[in-house]
Amino acid sequence: MVSFRRWVENTENLLHLTVVVVVPAVVGLVTQLSNSLTLFSFLLFPPLASGSYTLFANPGGEYADPTRFIAGLTAGAGCGWAALRAIDAATAGTGPAVSPAAAAFSILLAGLATWALDVEEPSAYSAALLVLAAPDRAALYVLFTLVGSTLVAGVFLAWRRWFYDRRASLLYGSIRGDDNVIVPMRGAGAERTALFAARLAAPHEAGKVVLLGVVDDEADADAVAEHLEDRAARIRRGVGVPCEVVVAAGDPVATLRRAARETGCDLVATPYADDDAGASAFVRAVFDGPQDAVAFRSVGEGDRWRRVLVLVARPGDSAHAMVDFATRLARDAGHVSVCTCVGSERERRSAEARLANVVETVDDPVETRIARSDVESFVDANAGAYDLVMVGSSGDRSGVSRAVSPPTFERLRGVDCDVAVVDRGDPR
């Protein structure tokens with residue numbers, strides 16, 4: 001279920017799933033209602049099926065307008081009816097069963113009518129043609145098109161308002177949680193990492209920070225606890241978020257996981273450290289753990305991260321988590337830019353659509369950028385304008401893929417601003 005939830009956080013996957021589940025159900029419902037009237041051939045349903053796909057497959061697109069859908073299909077059916085009557089009158093009913101002139105004239109009228117009314121809808125053209133197949137029931141066909149399209153549009157409107165537009169709060173795990181943050185206080189960047197964690201937790205009313213000290217000898221615990229309590233007091237005063245202290249002896253990784261579980265923390269914020277192989281063994285172990293994690297590489301001195309650049313390589317749960325974290329940090333007075341890099345202009349449109357799906361669930365204003373550049377060059381040129389660069393951990397890539405192309409964060413070691421590496425946990 002966790003894997004499915006994260007798969008469906010990708011808006012493209014959610015829309016594909018909706019199309020193969022909801023659209024057949026809606027068409028089946030309309031068919032069942034029409035069968036009770038015993039007036040219509042199944043031949044009359046393709047416009048509703050194709051129109052339903054257009055609505056649900058791209059709910060934010062130009063044609064995802066219930067009014068346009070109803071008016072367009074009904075206008076198309078009405079134009080087909082009008083063309084049928086006009087050609088019948090001109091030929092005195094002596095023409096072929098489906099007149100080429102009637103077909104051409106119905107399409108002409110449908111194009112002119114939907115253009116004039118600004119309700120252009122692809123399925124309007126099939127509605128205009130199919131009415132010709134039922135000349136004796138053309139008026140009923142127009143009426144049925146109005147009723148059927150209204151029913152489909154009502155289902156779509158309810159789905160979009162009560163589910164699709166609220167999918168962030170209903171589906172995205174990072175937005176529903178990740179408000180209790182544990183910080184292993186190790187390394188030179190531990191204090192700023194704790195401040196960073198507090199800024200992440202602060203927007204949630206129930207948010208808290210836990211500072212974890214791991215000691216080799218229990219005799220050192222009191223001194224470490226006193227030191228951490230001083231830091232916790234500064235966080236409580238400066239950020240206004242509850243801050244606890246835990247000191248324990250044992251293996252650093254095992255102790256962190258146990259402390260996170262016992263204190264109810266769902267996010268780990270650790271100082272970033274690396275070695276010749278990339279991220280340090282401790283950071284890699286944190287990324288392999290059950291909780292979501294952020295590895296924070298500190299190079300600055302401030303305690304605010306108002307301008308945040310989010311680098312998105314692919315849509316999905318990690319992208320949503322990064323945008324959520326960025327908007328938490330920026331708050332009302334900040335600025336968030338979400339960027340993806342493309343190799344050619346042909347990729348620009350699809351990249352724009354992917355970023356739109358990622359950011360449209362966020363209430364805060366977010367800028368999207370498409371850069372025709374490699375990631376390192378883009379960050380080098382733009383990092384100076386930001387307080388923080390946020391990237392994914394590439395945890396969803398295979399080992400072979402990471403060997404061929406190292407993770408983005410490992411290629412940003414020289415960036416002259418803070419870097420946060422976000423990894424979605426692996427609950428077991």
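Is Asn 180 buried or exposed? Asn 180 is buried, because its relative accessible area is 15%, and the cut-off for buried is under 20%. Keep in mind as you look around that this is a predicted model.

## Around Asn 180

You'll find Asn 180 in strand 1, which covers residues 180-184. A polar atom of the Asn 180 side chain sits 3.2 Å from the backbone oxygen of Gly 264.

Gly 264 also turns up among the residues that Asn 180 touches.

## Helix 6 and its neighbours

Next, have a look at helix 6, made of residues 123-130. Its buried residues are Ser 123, Ala 124, Ala 127, Ala 128 and Leu 130. What do they pack against? The answer is four helices: helix 3 (46-57), helix 4 (66-91), helix 5 (100-116) and helix 7 (138-162).

## A nonpolar patch on the surface

Now for something on the outside. Leu 140, Leu 143, Leu 146 and Val 147 make up a nonpolar surface patch, and together they have about 320 Å² of accessible area.

Take Leu 143 as an example: this residue belongs to helix 7. Leu 143 counts as partly exposed because its relative accessibility is 47%, and the exposed class only begins over 50%.

The model has 13 salt bridges in total. Arg 231 is buried at 17% relative accessibility, whereas Glu 191 is partly exposed at 32%. Both of them also belong to a salt-bridge network that includes Asp 230 and Arg 234.

The side chains of Asp 418 and Arg 192 form another salt bridge, at 2.9 Å from N to O. Because Asp 418 lies in strand 12 (residues 418-423) and Arg 192 in helix 10, this pair ties together parts 226 residues apart in sequence. Asp 418 is buried, at 3% relative accessibility, and Arg 192 is buried as well, at 11%. Then there's the salt bridge between the side chains of Arg 199 and Asp 303, at 3.8 Å from N to O. Here Arg 199 is in helix 10, while Asp 303 is in the loop between strand 7 (292-297) and strand 8 (307-311), 104 residues away. Arg 199 is buried, with a relative accessible area of 12%, but Asp 303 is partly exposed, at 36%.

## Aromatic rings

How many aromatic pairs are there? The count comes to seven. One of them is the stacked pair of Phe 196 and Phe 296, with 4.5 Å between the ring centres and 20° between the planes. Helix 10 shows up again here: Phe 196 is in helix 10 and Phe 296 is in strand 7, so the pair links distant parts of the chain, 100 residues apart. Phe 196 and Phe 296 are both buried.

Elsewhere, you can pick out one aromatic cluster formed by Phe 56, Phe 156, Trp 159 and Tyr 164.

Key: Residues numbered from 1 in each chain as written. Predicted model: local features only at pLDDT ≥ 70, side-chain atom pairs only at ≥ 80, totals over all residues. Heavy atoms only, no water. Helix = DSSP H or I, 4+ residues; strand = E, 2+ residues; numbered from the N terminus. Buried < 20%, exposed > 50% of the residue type's maximum accessible area, 1.4 Å probe, protein only. Polar contact = N/O pair within 3.5 Å; in protein donor to acceptor, adjacent residues only side chain to side chain. Contact = heavy atoms within 4.5 Å. Patch = residues over 30% accessible without salt bridge, like charges linked within 9 Å, V, L, I, M, F, W, Y side chains within 5 Å. Areas by Shrake-Rupley, 256 points an atom, 1.4 Å probe, with all protein chains shown as cover. Salt bridge = Lys/Arg side-chain N within 4 Å of Asp/Glu carboxyl O. Phe/Tyr/Trp six-rings, centres within 6.5 Å; stacked < 30°, edge-to-face > 60°. Lists of a residue's contacts leave out its neighbours within four places in sequence.
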